Amino acid sequence: MTAIDPTLTVVPRARRPRDHARLHKNVSRGMLILYILFLLVPIYWLVNMSFKTNAEILSGVSLLPQDFTWHNYAVIFSDSTWYMGYVNSLIYVVLNTLISVTVALPAAYAFSRYSFMGDKHLFFWLLTNRMAPAAVFALPFFQLYSSVGLFDTHIAVALAHCLFNVPLAVWILEGFMRGVPKEVDETAYIDGHSFGGFFLKIFMPLIASGIGVAAFFCFMFSWVDLLISRTLTSVHVKTIGVAMTRTSSATGLDYGVLAAAGVLTIIPGALVIWFVRNYIAKGFALGRV
Amino acid sequence: MLKTQNNKAWFLVLPVLLLVGFSAILPLMTVVNYAFNDTFGNNAFFWVGLEWFRDVIRSERMHDALQRQLIFSAIILAIEIPLGIAIALTLPKRGVWASLTLVLLALPLLIPWNVVGTIWQLFTRIDIGLLGSTLAALGVDFNLGRDAIDAWATLIVMDVWHWTSLVTLLCYAGLQSIPEAYYQAGRIDQASRWAVFRYIELPKMQGVLLIAVLLRFMDSFMIYTEPFVVTGGGPGSTTTFLSVDLVKMAIGQFDLGPAAAFSLMYFLVILLISWVFYTVMTNLDQEKEEVPE
Amino acid sequence: MAKITLSNLAHTYFPYPRGEQDYALKTIDLTWDDGGAYALLGASGCGKSTLLNLISGLRRPSQGRILFGDGDVTDAPTAERNIAQVFQFPVVYDTMTVRENLAFPLRNRGMKKDYIQSRVDQVAQMIGMEDTLSRKARGLTADAKQKISLGRGMVREDVNAILFDEPLTVIDPHLKWELRTQLKKLHQDFGHTMIYVTHDQTEALTFADKVVVMHDGRIVQVGTPEELFERPAHTFVGYFIGSPGMNLLDAVIDSDVARIGEHKVPLGGTFGPLTGRTQIGIRPEHVTVSRTGGLPATILRVDDVGRHRILRAEVAGAPVAVVLPEGAELPADSCRLIFQPEKIGVFADDWRMAPEHPKDRSGS
């Protein structure tokens, strides 16, 4: 047995009949880059505008702010109706995420482990709620939450968003739970764990990434909706959507502040994506159809 | 997985049931109540039966909105599904670039819908928007406040911008689940790029594609905030989709009865079309007896 | 079909290997004869899958050449190598029928319709699937799917070799034997070159005419099943093949005698001076229990494995297994063991040493 021959140089890649494949690769790279540019250009324009003065915005198109200013952001951070809009939105989004995941966990467990009377119909009914147009429910929601005295509270928005987030969370979590072999449960029961103890200490860590993905989607869908949140709030809980409508006043639109407010709404989402980037794609693939 | 028969599992589902029931059934009952009654305010109702439904079904305005909505959703699906698949095929499979492109792709999905509308409204303005001014400089007479085609084009491009990433992420997830051996088998069999797509990648993406089509159909069919912000339903009523029309009817004109009847039929149409998609796509392959491997 | 030559082949997954330890495959020179049935046997991580991937063209070797016949295919992509492969998990085109699956490689190569038709029928008969030709591949069992991927390989008449990458992993135990037999018969009837990668010695020994044993990135022995059993070239072959494996005992070799402690074991030949770690190896089948002569051993336990019993004992601190003949009686806790001299192998630093003068009766 001879050792590796150090004098033997690596074979030169003489004949490469893969030029076609390489061309294909370059074309697809190019397509991807073009598409990402297409995604980023409108966002770039918003960011660009947010650093301009209104005078500059209205004076015409320039690719970079000529008269760079933080003024628009300063307006938002110095005015409590503005920044409280973000705080209020974040409060009900976080509330909604917590509620949705908490109630979805046992339900998803039930769907993934047991068959019970009416389980299929129930699952389908849950999913149909995802199909209810928000516009349809806006007015009844208003009446419902007014009549129970929850109108204009964070919890009202959080509960209303549960309508479409809970079915989604159940759906995603059920997919992840099905990936955990049933033997895990059985072993735990044999070892004398109670259901609660098993669920919290053994099962939840196993589906931690699933919980993360479900929470991400609840956060996302609660954050992007401003129709229901605007319908259910007025004075005490001003949401960011309401605040943004204030930019149009008697003196005309305050474009700079509007753009800055828009930029600030992108940031929480971008942060959340960064944390769950490796699971985003996974969460979808596991969903049950 | 073999499931245990256990009706006590209902207790685990109960919280979900109560919560979603509270948010779904009570408002739905309100809607139903309005749909069959008329009111002169003060919570005094009287039964009108199917009259509102008859009105809505006969209404020219509803037909037009439905037609616009169907055309819009069809165009959206026809563009976003193939484009989403194509982009997913170009994504790097692993490494730093894969994470980075995924994050960039997901970005539009995380933007509040009214901000999406605002972004595109500003972006397409002829005086201060990059796209609008560029088009104007190129000599295109672009005016989404006056020209219905321009308004439609803007809304479609906006929706493609906003949602194609969702299709891409789903397809990417499906593609990631294909073992390398399949591609190697394709090379051994000298399958063309098209054949690899048609016989290896597409079948493996079928499940996620179904989710993608359903989600994109439902959400495009319910679209409200973005067109409301960008075009306000105009010019005229050329971009007044079902949701936009519904809100106009319910809140703008306070015609609660017809609006409620409209809502119920709207909901049923979504259910019906979703069911059709679901059935058609799951029956594309007749033999479904999957063997556990 | 063609003979396959691997010349000075080596592979590393590191871009800048620092030395031999970074190589998954150390230098390999080997020729696979046309029409042979080979098994590539080794523990997981020994480099057998790397070697398979080099032959199939999935990876390009860091060093050396691969020849199919006289043609150099080192840089050729998989499609040009004209090989077929059956993977660990069944790879079939789910949405196609069995017939379309089998026709796929031919259709992609632009063959004529009626040729494809008749060839597919022929192959379906070969793999015993003529009744399921019009069914969708999706609903079939794992073993049927493996047959289809085998059929997809055999459907091309000019295929250079069929590679098997642990193809029975997901097959039910009672079907494994049946598939292996069918594979063996297909080889005898049609004479394709077959390379069968496995870590299961039973699969390797029953399938192959020649077994290539790999260990730690090297080929340690190429031989018939008998050769591997009777004359393992490396201690790894000794204990990896056979059940239980070969007994290996540290010994000092002194001409025709091996010394273990103060005991002497006669050898089947005369050996010159050896360097490094020296060991003798003897198969459990070639050890007999005796009351009078031989090495003293402590009995640990007796395992009953069905066909026979295995005595587990200890000689000078090293474990020794003995296959007991039918009805043999055993003393309670200690006994003496006799090794058949002509069956004893002598190893220096794990490699088998040939005797300088074989004794007349040894025959090797």
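## Stop 1: chain A and its parts

Start by selecting chain A, which is divided into domain 1 (19–50) and domain 2 (76–285). Keep in mind as you look around that this is a predicted model. Colour the two domains of chain A separately: taken over C-alpha atoms, their centres are 31 Å apart. Where they meet, five residues of domain 1 are in contact with seven residues of domain 2. On the domain 1 side of that contact you'll find four nonpolar residues, one polar residue and no charged ones.

Now switch to a cartoon view of chain A. It holds 14 helices and three strands. Of its 289 residues, 44% are buried. Look at how the chain folds back on itself, too: among contacts in chain A with a separation of 6 or more, 80% are between residues 24 or more positions apart.

## Stop 2: the annotated stretches

Zoom in on two of them. Residues 90–111 of chain A are 100% helix and 0% strand, with 31 Å between the end C-alpha atoms. Residues 154–173 of chain A are also 100% helix and 0% strand, and there the end C-alpha atoms lie 25 Å apart.

## Stop 3: into the core

Which residues touch the most other members of the largest nonpolar core? Select Ala104(A), Val170(A) and Leu173(A): those are the ones, in a core of 160 residues. Helix α7 (residues 154–178) of chain A supplies the largest share of this core, 17 residues. Both domains of chain A take part, with at least three residues from each of domain 1 (19–50) and domain 2 (76–285).

Centre the view on Leu173(A) and show what surrounds it. Leaving aside residues up to four places away in sequence, Leu173(A) touches Ala104(A), Leu105(A), Ala108(A), Ile207(A), Gly210(A) and Ala214(A). Apart from this core lies another one, of 76 residues; Leu6(C), Leu25(C), Val73(C) and Val91(C) are among them.

For a contrast, select helix α8 (residues 182–190) of chain A. Is this helix well covered or hardly covered? Hardly: none of its nine residues is counted as buried.

## Stop 4: where chain A meets chain B

Bring chain B into view. Its contact with chain A takes 76 residues from chain B and 83 residues from chain A. Highlight helix α1 (residues 9–36) of chain B, as the largest share of chain B's side, 14 residues, comes from there. Sorted by class, that side of chain B has 54 nonpolar, 20 polar and two charged residues.

Strand β1 (residues 114–115) of chain A and strand β1 (residues 4–5) of chain B run parallel, joined by two bridges. Pick Tyr114(A) and you'll see that it stands opposite Thr4(B) in β1(B).

## Stop 5

## Stop 6: around chain C

Chain C is divided into domain 1 (4–230) and domain 2 (246–358). Their centres, taken over C-alpha atoms, are separated by 39 Å. UniProt lists residues 4–241 of chain C as "domain: ABC transporter", again from an unreviewed entry. Over that stretch chain C is 37% helix and 24% strand, and 26 Å lie between the end C-alpha atoms.

Finish with some strands in chain C. Six bridges join β18 (residues 295–304) to β19 (residues 309–315), and the two run antiparallel. Find Asp303(C), which stands opposite Ile310(C) in β19(C). Four residues lie between the strands of this hairpin, where Gly306(C) takes a positive phi near 100°.

Carry on to β20 (residues 318–324) of chain C, which runs antiparallel to β19(C) with seven bridges joining them. Here Ala313(C) stands opposite Val320(C). The hairpin of β19(C) and β20(C) has two residues between its strands, and Ala316(C) in the turn has a positive phi of about 50°.

Methods
Residues are numbered from 1 along each chain as its sequence is written. Chains are lettered from A and ligands numbered from 1 in the order in which they are written. This is a predicted model: local features need pLDDT of at least 70, side-chain atom pairs count only at pLDDT 80 or more; totals for chains, interfaces and linings use all residues. A nonpolar core is a set of buried Ala, Val, Leu, Ile, Met, Phe, Trp, Tyr and Cys residues joined through C-beta atoms within 7 Å. A residue is buried if 20 or more other C-beta atoms lie within 10 Å of its own, exposed if 12 or fewer, and partly exposed in between; C-beta atoms are placed from the backbone. Domain bounds come from an automatic or database domain assignment. Two residues are in contact if their C-beta atoms, placed from the backbone, lie within 7 Å. UniProt positions are given in the numbering used here, feature names are shortened, and annotations may be inferred rather than shown by experiment. Ala, Val, Leu, Ile, Met, Phe, Trp, Tyr, Cys and Pro count as nonpolar, Asp, Glu, Lys and Arg as charged, and the others, Gly among them, as polar. Two strands pair if DSSP finds at least two bridges between them.
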